[in-house]
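Here is a friendly walk through a sheet, a chain-to-chain contact and a pair of helices. Have the structure open as you read.

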Amino acid sequence: MADELAVASRGLTKRFGRQAAVDGIDLAVPRGAVYGFLGPNGSGKTTTIRMLLGLVRPTAGTHELLGAPMPAGAGQVLPRVGSLVEGPAFHPYLSGAANLARLDAADRTAEPGSARRRIATALDRVGLSAAADKRYRAYSLGMRQRLALAAALLAPRDLLILDEPTNGLDPQGTREVRSLITALAADGATVMLSTHLLSEVEQICGYVGVMHLGRLVAQASLPELRARAEPRVRVETDRPEDAARTLRELGLSDVETARNGATGRLGPLAPEKVVAALVHDGVGVRGFGVVAPDLEEMFVSLTGEGFDVSG
Amino acid sequence: MSVADLSRAGAAVRLRRPNPRFLRSELYLIFGRRRNQVGLAVLAALPVILAVSVRLGDEGGGGDGPNFVGSITENGFFVALAALSLEIALFLPIAVSAISVDTVAGEANIGTLRYLLAVPVARTRLLAVKYTAVAIFAFAATGLVALWGLLVGVAVFGAGPVTLLSGDQISFAEGLLRLAAIWVYLAIGLSALGAIGLFVSTLTEQPIGGGIAVVMLSVASFILDSIPQIEWLHPYLLTHWWLAFGDLLRQPVALDGIRSGLLSAAAYILIFTSAAWARFAGRDVTS
């Protein structure tokens, strides 16, 4: 597997009983990228992340983190990986700082002498300094999430695997985390980010992988993914049926009518030809546009409309 | 220097010299927790209750195993022995069960296990450190009862030469040595129970339920040990040998029972720490 990949997997599979939670996925997260790992609830994202970190043993397949095979290289590579898996988890009767001290004490690569300073810095980076000595029990969900991020930043990291890092944060917190991730990436760290918030992905991710029913149904850079999505034309008119007929005659596929117009997949045709044809056919064009599908539409087209969780 | 520069400078991660930080953190979790402090206070309360009630009533009742309560009035030394022989039947096993099952199951229950493993802490190391902490707790809890019992006893009844079970008399100083030996012997026995607890801890994410299971196991072991019809089973019972600590109070010391007790404890420790490792080393952590 290529050395320029921070996360690489080949045929990574996890079966629980007869069901494949993750089904032969080939992840490729380029070094230095911010990679959005998307998918509906239950699509296998968290199981994948658990496998990447060596918490769950794959049924089949291999993977590498930062070029080191896992789980054999865990001792060497995981100290350079900060992670947030399925929400924060800490000892409720210890303070935030004491919880971080415990994680640091468990790390055989951490320098004891600088622990206090590194903990203070990490807490400061996530804006939790004021609550450092409060018991974790008394933290709000947003504060807990921040503490989990601080734990991921306790040591210098080359790779951050973050499972829904902005979950439970208020709008300011979400912004802060977003700029934190951007800053980390600017420093050269690779960030793999699982999230539901597509706006978040559009703002900070350069690469996207989409999971559906345990499979990786798409993986590409965001511009590439956008280019792949075919634009649609939208005609506003008082005669939707006639407009639709013209569009079909022009060879547009997937034509649909609405109350005040019609839409269709443009294909290789030039948009101005469509307008000319409509006018020629006597369809009164009140408005015309070419729309590229946004990320949400792409996401839904890849993973289906249903509201049900993936089984 | 940026985050990434720093880490690239040490691209190959360097392990630091072994240090006791993680073990210290474990001990802090155990001894710093209010619940456990209350438990230790309960263990320490019994010698006081014992000494005061004997002082007020001026006569002793019986207990299982060697009966030291009757000797308390002669010498405060026996408050420690009586407290140990009373607490080894239930209170100390409860304490050790709770702590030992909390090791892995407690971390799994609140989800911190996944973050410890991702630090990373190698699973074998995790078990080793956790079990060391359990053994230290077993020594501390037993030592607390022995030492506190001694202090309370001497304060209420005074100190003096110790009359052994065999009728011989030894000096108070030698008595202290015998008490120390009993302390170590019982703590090793409880550490063996802790090994069972560690194993149970790798089976469940419910520390309370697992703890109750281990307590029931030790109680069942005491009960089976009291049924003469199944005498063939007795040498294999963990708790069977615990009460042999009375042998350390004979002149000369009868080592047979003690030796068997130590062997039995060693066997239990070996078997159950291995079982814990076999279970935990490859387990999927989904909590």
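## An open sheet in chain A

In chain A, 4 strands make an open sheet with antiparallel pairing, in the order β13-β14-β12-β15. The edges are held by β13 (253-258) and β15 (287-291) of chain A, each with a single partner strand, so one side of each has no neighbour in the sheet. From one strand to the next, the twist averages 15°. Within the sheet, β12 (residues 232-236) and β14 (residues 261-265) of chain A pair in the antiparallel sense over 5 bridges; A:Val235 has A:Ala262 in β14(A) as its bridge partner.

Strands (E, at least two residues) and helices (H or I, at least four) are DSSP runs numbered from the N terminus, and two strands pair if DSSP finds at least two bridges between them. Axes are lines fitted to C-alpha atoms, for helices over the stretch in contact, with angles from 0 to 180 degrees between N-to-C directions.

## How the model is read

This is a predicted model: local features need pLDDT of at least 70, side-chain atom pairs count only at pLDDT 80 or more, and totals for chains, interfaces and linings use all residues. Residues are numbered from 1 along each chain as its sequence is written, while chains are lettered from A and ligands numbered from 1 in the order in which they are written.

## Where chain A meets chain B

Contact (C-beta atoms, placed from the backbone, within 7 Å) links 34 residues of chain A with 32 residues of chain B. On the chain A side, α2 (74-77) and α3 (96-106) each supply at least two residues, and α3(A) gives the largest share, 4 residues.

## Two helices in chain B

Helices α7 (residues 123-157) and α10 (residues 255-281) of chain B pack at about 145°, with their axes 10 Å apart. Among the residues that meet are B:Tyr131 in α7(B) and B:Trp277 in α10(B).

Key
Two residues are in contact if their C-beta atoms, placed from the backbone, lie within 7 Å.
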